Amino acid sequence: MNDLSKEQEAIIKTIQKGGNAQHMEATSADVPLDYRKLQTYLLLLYQAYLRTETALEPGLKMAVWRMVQFNEVFRQKIEQTQFDILQKRPETITTDWEQAKEVLFPIEDGVASKELTASEEKILMEYKETANQLLDYSI
């Protein structure tokens, strides 16, 4: 294993353990590719969730919340997404899970989702699978 792979693993483990992730404040070129891919898939799934196109499993919700806690740019993207879709500014989402989950995930479980085409459903399932694979890989 080369030094870059070791550094990437250390960054991901630090984030998951809730440690200080100063590495994430670096430029996007310094952020591991898998981490950026995970951010992208989580953001796409979050957008679909807010549009009631899909439900988010607890593991994905937790991943979004953790990413919000440790990455300022991701938090800003989530806040902008809420504003764009829900037309309201979110309250503070950088707090503990119990307080943040109501603000971060305002759509109630069981709310009827929009009718999607088979190809749209397939795409969302692929997003979820990829995000879960990236989360499993980083453990």
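**Exercise 1. Locate Trp65 and work out which residues surround it.**

Solution. Begin with the secondary structure: Trp65 sits in helix H3, which covers residues 58-70, where helices are DSSP runs (H or I, at least four residues) numbered from the N terminus. The model is predicted, so local features need pLDDT of at least 70 and side-chain atom pairs count only at pLDDT 80 or more, while totals for chains, interfaces and linings use all residues. Residues are numbered from 1 along each chain as its sequence is written, and side-chain values use heavy atoms, with hydrogens and water left out.

Next, consider accessibility: with a relative accessibility of 10%, Trp65 counts as buried, given that buried means under 20% relative accessible area, exposed over 50%, and partly exposed in between (1.4 Å probe, protein chains only).

Then list the partners. Apart from neighbours within four places in sequence, Trp65 is in contact with Ile93, Thr95, Asp96, Trp97, Ala100 and Leu104, contact meaning heavy atoms within 4.5 Å. For Thr95, the backbone oxygen lies 3.1 Å from a polar atom of the Trp65 side chain.

**Exercise 2. Determine which residues of helix H6 are buried and which are exposed.**

Solution. First check the helix itself: at 1.5 Å a residue, the 20 residues of H6 (residues 118-137) should span 28 Å, and the end C-alpha atoms are 28 Å apart, which agrees; the expected span is 1.5 Å times one less than the number of residues.

The buried residues in H6 are Leu124, Lys128, Ala131, Leu134 and Leu135. They lie on the same side of H6, because they cover an arc of only 130 degrees around the axis, an arc taken from the directions from the helix axis to the C-beta atoms. On the other side of H6, Ala118, Lys122, Gln133, Asp136 and Tyr137 are exposed.

Definitions and conventions: Helix = DSSP H or I, 4+ residues; strand = E, 2+ residues; numbered from the N terminus. Polar contact = N/O pair within 3.5 Å; in protein donor to acceptor, adjacent residues only side chain to side chain.
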